[in-house]
Amino acid sequence: MQLFKKTNIDFIGKRYYAFAFSAVLLLSGIVSLVVKGGPKLGIDFTGGTLVQLGFQTVVPMSELRVALAQKGYPDAELQDFQTEKSVIIRVPKSEKSATVLGEELTEAVRSQFVGSAPIVQRAESVGPAVGRALTNQALSAIIWATILIIIYVGFRFRSTLWGVCSIAALLHDVLSVVGIFSIMNKEISVTVVAGILTLAGYSMNDTIVIYDRMRENIRLSKKETLAEIINRSVNETLSRTIMTSMTVAITVLVLFLFGGSVIHDFAFALLWGVFVGSYSSIFVAAPIIYEWQARRDRKRAVAIAKGVRPGPVLKR
């Protein structure tokens, strides 16, 4: 099934608009991260206790925050899910177990909001040592995933050019996810890291499909320019890219809407990642190859003019 019969979009000609959009997208996230002092890490990484309380009625956040402060929890962080009438309360440091702290918070809320009937829906506790270990493991997973992707793509395409450009597109996707989480004041938890790694695999697969078509067309076509070959390759795979992205996005959207608060942020990271990953495969990954090769060609021309041995060309 083809969504588009035949398209002839000049992606290379419009690459600077795409680069400008990506710059705005990434810079807004970076500015948010700098202003807020880095990503907002969950208790998985910082240590602490998380208690999720469910209510019969909606409880105003401002009043709940004041009530908890009066009961001895001024540093408690709140996150509400009004559609589910529940609130996540994070206490940074506590020597009490998650069960005991959950009971104390329940009593504190019950005494202030009569008729709200709070119940503990979830109670988790993570120590600082475990948090540091999870942080190291998450960073290690991301670094090793990046290295292995470069090796795999470089080996498959027999050139580091494809591997480095695909990683550049991948970093674009990961940074945009981290940035949107910072802008929306969402926490980076272990499940979100899992979502980012899943997104990396999806985005890389999408990029490789386009690169594969580009490499095939470069080998077969001797008369077209590189810009014409890239445009034709992206147009030939456009229907497949959009159909795949829509299918994945619908599945993730269902998880986002009906999966519950536990996987809400995981589904949000994937949902945003599918959108950005599909965009970057078309408007970032392919044009980067063109820009890289154009720069190589200019250096090659200068080297030949100076009588110096030129660098390699993109193989046909």
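Which residue, with positive phi, follows α8? Gly260 follows α8, with a phi near 95 degrees. The model is predicted, with residues numbered from 1 along each chain as its sequence is written; local features need pLDDT of at least 70, side-chain atom pairs count only at pLDDT 80 or more, and totals for chains, interfaces and linings use all residues. Side-chain values use heavy atoms, with hydrogens and water left out. Helices are DSSP runs (H or I, at least four residues), numbered from the N terminus.

Helix α8 spans residues 226-258. The helix has 33 residues. From first to last C-alpha, α8 reaches 46 Å, close to the 48 Å expected at 1.5 Å a residue. The expected span is 1.5 Å times one less than the number of residues. A bend of about 45 degrees occurs in α8 at Thr237. The bend at a residue is the angle between axes fitted to the seven residues ending there and the seven starting there.

Helix α9 covers residues 264-306 and has 43 residues. The distance from its first C-alpha to its last is 59 Å, close to the expected 63 Å. α9 also bends, by about 45 degrees at Ser280.

Two packed helices are described by the angle between their axes and the distance between the axes. Here, axes are lines fitted to C-alpha atoms, for helices over the stretch in contact, and angles between N-to-C directions run from 0 to 180 degrees. Helix α7 (residues 190-220) and α8 have axes that come within 9 Å and cross at roughly 150 degrees. That makes α7 roughly antiparallel to α8. Angles over 145 degrees count as roughly antiparallel, under 35 as roughly parallel, 65 to 115 as roughly perpendicular and the rest as oblique. The crossing of α7 and α8 is right-handed. A crossing is right-handed if the near helix is turned clockwise from the far one by less than a right angle, and left-handed if anticlockwise. The contact of α7 with α8 has ten nonpolar, seven polar and five charged residues. Nonpolar covers Ala, Val, Leu, Ile, Met, Phe, Trp, Tyr, Cys and Pro; charged covers Asp, Glu, Lys and Arg; the others, Gly among them, count as polar.

Helix α1 (residues 15-35) crosses α6 at roughly 50 degrees, and the two axes come within 8 Å. The two helices are therefore oblique to each other. The crossing of α1 and α6 is left-handed.

The loop between α6 (160-183) and α7 contains Asn185. Most residues other than glycine have a negative phi. Asn185 has a positive phi, near 60 degrees. At 45% relative accessibility, Asn185 counts as partly exposed. Buried means under 20% relative accessible area, exposed over 50%, and partly exposed in between (1.4 Å probe, protein chains only).

Val192 lies in α7 and is buried, with a relative accessible area of 0%. Val192 and Lys85 are 107 residues apart in sequence and 23 Å apart in space, C-alpha to C-alpha. Val109 is part of helix α4 (residues 98-112). Val109 is buried at 1% relative accessibility. Its C-alpha is separated by 10.0 Å from that of Arg65, 44 residues away along the chain. Val174 belongs to α6 and is partly exposed at 22% relative accessibility. Between Val174 and Val276, 102 residues apart in sequence, the C-alpha separation is 9.1 Å.
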